[in-house]
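User: I would like to learn how to read packing features in a model. Can we work through a case?

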Amino acid sequence: MKKIFKKTFVSCAALLLVLASIACSKKEGNTEKEKADSIEVLEYKDLVLGQTGKDLNVKIKLLSHKTDMLQADYPGKNWQAYLDEFNSMYPGITVEIEGITTYADTALMRLQGGAWGDIMMIPAIDLKELESYFIPFGSLEDMKKEVRFANRWLFKDKVYGIPYMATAQGVLYNKRVFEQAGITSLPKNPADFIAALKQIKAKTNAIPLYTNYAASWTMGAWDQYIAGSATGNPNYQNNLLLHEKNPFRNYGDGSHAYAIYKVLYDAVAEGLIEDDYTTTDWEGSKGMMNRGEIATMVLGSWAFSQMQSAGPNREDIGYMSFPVTIGNKQFASSGPDYCYGINAKISSEKKLASMIFIKWLTEKSNFSYNEGGIPIAVKDNNFPDLYKAFEGIEFIPDNPALAGEEDLLNKLNADSELNINNGGNAKIQAIIEHAFLKDKSFDEIMDEWNQAWTAAQERNAVYIN
C-alpha cells in the first residue's frame, strides 16, 4: 500500500510540474504578446525619428509593386540600399520587401484574404473600406501639415494612406532625336504632336511613339491625363466626370478625354509606333529610349529617372507636358502614386514599427527625389531637375469628391467596365488594336464608351448635367 501511494505521489508531482511548466510558458508567451499590444501607436505627427521606437525589436513586411528595386542591378537605388540606411537608425526593425508584378489585382486579393503583411501600397478599394483594413495616420488637418496629397485616402476626416511619391503627368522624349528631326519647339496641342511624330519618322530611325502595349499596366498612363492635363480643372476627376453627359465626346478644341485618347489612336493608325505592338518590352524600352531608338513614351514623371539610368545618355532624356493647351495655357495632372497603408489587424508593436518606417521613407530616405517624383514631405522642396520643363505650366491635383459621393467613381467605373484610372488597361489596348486593324473608327469607340458611362449613371441614379 505504501509503495502504491509513493508511486501515485510521484506521478502526481510530475504531472503538477508539467502543468506548471505549461502555465509558465503560456504566461511568458502572453506577457510578450501583452507587451507588444501595450505599446502606444502614436499618430504620424507625433513620431520623432531616431527617438520614437528606438528599442523596438520586430520584423515587418512591406508589400510593394516596385519589383525592379529588388534587383541588385537596379539602375537606381535598390530596396536593399534603403533598408541598410534605415537599419543604421533602427537596427532592431527588420523589414522584408515582397514584390508583386501584377500588383493591382494580386494586392486586392491578398488584402481581402487577410494574409499580406504589415504595410502595403493601397490597391483600388472603396473609401468606406479603409477603416476595416488600415489604421489612420491622423486627421486631415494635421496630415496636411506633414505631407502633400494627404487627401488621397481620406475617410471621415482621417488619413489612411501616405504617398510613396507623387508625379506630374507628361511625355518622355529623347532630346537628341527631336534635334535630329529638326523639331525646335515642343508641341503644345495634339495636332502639333502628331506632326512631330511624322517628322521623326521621316528624318530619323527612331520609333516615334513606343506604346508599351505588351506590358498592359503601362497603358493605364493614358487615363491619367484626362483630368487636370486635359481640362485644367481640379474638380474634373472626382466631381464633374461623375455627372457629365457623354464625357468622351469631341469638344472640338483639342481638350478633354477625347483629345487625349485620339493622340494614341492617330499615332497607331498612321504607323507612328513600333512595327509589332504585341512584342513590346518594358524593361528593354528603357535602354532603347536612352540610346535614341525611341523618340517618345507616354508615362508619368516617375519613369524619367529610370530612362536616364538605363544607359550613358542621361542628358538626352527630356520630359514635357502632355500636348494640350486650354486658353493659351498648359496644365499638368499631378498627384500621388500608390500610398502606404498599415494593417489594422497586426500588433501595436508592428503598427508602430510600420509607421516609423513609412515616416523614414517619406522624410529621410530621399526616395521620391531618387525616383523622379514630387517630394511628399511638406518641408521638402527638393524637386528633381525634370520639373524645370514644367515652368509656366500649372500643376493640377484632383480635389476630393463631394460628401456622399466618395465611392461613386468606383461604382461608375465598375458598372461601365471602363475603369478610368483604376486598372482599365484593356480598353486602352483596344484603342491600339482597332486603330491598327482599322476595323473601328475612333468616334465609334468613344460612342461606345459614352453609352457605357451613361448606362452606369442611370443604373446608379446619378443626375446628369
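**Aromatic packing and buried helices**

Analyst: Start with a cluster. Tyr 319, Phe 383, Tyr 387, Phe 390 and Phe 395 make up one aromatic cluster. Keep in mind that this is a predicted model.

User: Which geometry do Tyr 387 and Phe 395 adopt as an aromatic pair?

Analyst: Look at the angle between the ring planes. Over 60 degrees counts as edge-to-face. For Tyr 387 and Phe 395 the planes are at 85°, with 6.1 Å centre to centre, and the pair is edge-to-face.

User: Is Tyr 387 buried or exposed? And what about Phe 395?

Analyst: Read the relative accessible area. Buried means under 20%. Tyr 387 has 7%, so Tyr 387 is buried. Phe 395 has 29%, so Phe 395 is partly exposed.

User: How many aromatic pairs does a search of the whole structure find?

Analyst: The search gives 30 aromatic pairs. Take Tyr 213 and Tyr 277: the ring centres are 4.6 Å apart and the planes are at 70°, so this pair is edge-to-face. The pair links distant parts of the chain, 64 residues apart. Tyr 213 is in the loop between β10 (207-209) and α8 (228-231). Tyr 277 is in the loop between α10 (256-269) and α11 (282-291).

User: Why does Tyr 213 count as buried? Why is Tyr 277 called buried?

Analyst: Apply the cut-off again: buried is under 20%. Tyr 213 is at 12% relative accessibility, so Tyr 213 counts as buried. Tyr 277 has a relative accessible area of 10%, so Tyr 277 is buried too.

User: Where do charged ends sit over rings?

Analyst: Check the distance from the charge to the ring centre. The charged end of Arg 152 lies over the ring of Trp 153, 4.0 Å from its centre. The charged end of Lys 427 lies over the ring of Trp 449, 5.9 Å from its centre.

User: Now helices. Which residues of α15 are buried?

Analyst: In α15 (residues 408-416), the buried residues are Leu 408, Leu 409, Leu 412, Asn 413 and Ser 416. Next, ask how they are arranged around the axis. They cover an arc of only 135°, so they lie on the same side of α15. These buried residues pack against α9 (236-243) and α17 (442-459). Just after α15, Glu 417 takes a positive phi of about 65°.

User: What span does α13 reach?

Analyst: Compare the span with the expected value. α13 (residues 348-363) has 16 residues and reaches 22 Å from its first C-alpha to its last, close to the 22 Å expected at 1.5 Å a residue. Then count burial. In α13, 14 of the 16 residues are buried, so α13 is largely enclosed by the rest of the structure.

Note on methods:
Residues are numbered from 1 along each chain as its sequence is written. This is a predicted model: local features need pLDDT of at least 70, side-chain atom pairs count only at pLDDT 80 or more; totals for chains, interfaces and linings use all residues. Side-chain values use heavy atoms; hydrogens and water are left out. Buried means under 20% relative accessible area, exposed over 50%, partly exposed in between (1.4 Å probe, protein chains only). Helices (H or I, at least four residues) and strands (E, at least two) are DSSP runs, numbered from the N terminus. The arc is that of the directions from the helix axis to the C-beta atoms. Contact means heavy atoms within 4.5 Å. The expected span of a helix is 1.5 Å times one less than its number of residues. Rings of Phe, Tyr and Trp (its six-membered ring) pair if their centres lie within 6.5 Å; planes under 30 degrees apart count as stacked, over 60 as edge-to-face and the rest as tilted. A charge sits over a ring if NZ of Lys or CZ of Arg is within 6 Å of the ring centre and within 35 degrees of the ring normal.
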